[in-house]
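Please look over the sequence and the model below before reading on.

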Amino acid sequence: MTMDWTQLVTAAQEAALRAYVPYSNYPVGAAALVDDGRIVRGCNVENASYGLTLCAECGLVSSLISSGGGRLVGFTCVNGKHQIITPCGRCRQLLMEHGGPSLLMLTPEGECSLSDMLPQWFGSRDLQEYDD
Ligand code: THU
């Protein structure tokens, strides 16, 4: 699949403008293409209790589910200087749940799949095999 990265990067940049980052002053915007053609996005939302901060990817996943669900097929995220960044470890796991290993990622090093960024991931299969 060829991905329109320009469209996703623009959506991520727009989302970053809405970030609530009074503590880190580090805005993040994330955007993803859904398998039905929708684009979902999210921005980071910080909290005075720092550990409660919501990463941009959390908002994106919430938007995905609350707007009808589906599978993520392409993803990118940017900071407030429009630099492409990589999702933190926790958010790679969030993306794996809703995009799977073949989710295409635009990273600072170019395009790769989510399984390249999160090898040997834990997933629902591990839970199913445990029950068998
Ligand atoms: N952040 C994200 O929103 N996503 C990531 O994948 C990495 C980090 C946010 C959390 C915090 O608000 C700020 O970036 C600095 O860590």
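A polar contact is a pair of N or O atoms within 3.5 Å; within protein, one atom must be able to donate a hydrogen and the other to accept it, and residues adjacent in sequence count only if both atoms are side-chain atoms. The model is predicted, and for that reason local features need pLDDT of at least 70 and side-chain atom pairs count only at pLDDT 80 or more, whereas totals for chains, interfaces and linings use all residues. Residues are numbered from 1 along each chain as its sequence is written, and side-chain values use heavy atoms, with hydrogens and water left out.

The ligand site comes first. An oxygen atom of the ligand lies 2.9 Å from an N or O atom in the side chain of Glu57. Asn44 places a polar side-chain atom 2.9 Å from a ligand oxygen atom, and Ala56 has a backbone N or O atom 2.8 Å from an oxygen atom of the ligand. The ligand on its own has 370 Å² of accessible area, and the protein covers 78% of it; accessible areas come from the Shrake-Rupley method with a 1.4 Å probe, and for residues only the protein chains shown count as cover.

Which residues are around the ligand? They are Ser24, Tyr26, Val28, Asn44, Glu46, Thr53, Cys55, Ala56, Glu57, Pro87 and Cys88, where a residue is near a molecule or strand if one of its heavy atoms lies within 4 Å of it. This shell divides into six nonpolar, three polar and two charged residues. In that division Ala, Val, Leu, Ile, Met, Phe, Trp, Tyr, Cys and Pro count as nonpolar, Asp, Glu, Lys and Arg as charged, and the others, Gly among them, as polar.

Next, the strands. Helices (H or I, at least four residues) and strands (E, at least two) are DSSP runs, numbered from the N terminus; two strands pair if DSSP finds at least two bridges between them. Strand 1 and strand 2 run antiparallel and are joined by five bridges. Across this pairing, Ala32 has Val40 in strand 2 as its bridge partner. The two strands form a hairpin with four residues between them, and Gly37 in the turn has a positive phi of about 100°.

Strand 5 (residues 104-107) has both faces covered, with Leu104 and Leu106 on one side and Met105 and Thr107 on the other, all of them buried. Buried means under 20% relative accessible area, exposed over 50%, and partly exposed in between (1.4 Å probe, protein chains only). Strand 3 (residues 72-79) runs parallel to strand 5 and is joined to it by two bridges; here Phe75 stands opposite Met105. Strand 6 (residues 110-113) pairs with strand 5 in the antiparallel sense over four bridges, and Leu106 stands opposite Glu111 in strand 6. A hairpin of two residues leads from strand 5 to strand 6.

Thr76 also belongs to strand 3. Its relative accessibility is 0%, so Thr76 counts as buried. The side chain of Thr76 reaches the backbone oxygen of Leu106 at 3.1 Å.

How many aromatic pairs does the structure hold? There is one. The ring centres of Tyr23 and Tyr50 are 5.6 Å apart and the planes are at 45°, so the pair is tilted. Rings of Phe, Tyr and Trp (its six-membered ring) pair if their centres lie within 6.5 Å; planes under 30 degrees apart count as stacked, over 60 as edge-to-face and the rest as tilted. Because Tyr23 lies in the loop between helix 1 (5-16) and strand 1 (28-34), and Tyr50 in the loop between strand 2 (39-43) and helix 2 (56-66), the pair ties together parts that are 27 residues apart in sequence. Tyr23 has 41% relative accessibility and so counts as partly exposed, while Tyr50, at 59%, counts as exposed.

Asn25, in the loop between helix 1 and strand 1, has phi near 55°, a positive value in a residue other than glycine. Asn25 counts as exposed because its relative accessibility is 64%. Gln120, in the loop between helix 4 (114-117) and helix 5 (124-131), also has a positive phi near 55°. At 81% relative accessibility, Gln120 counts as exposed.
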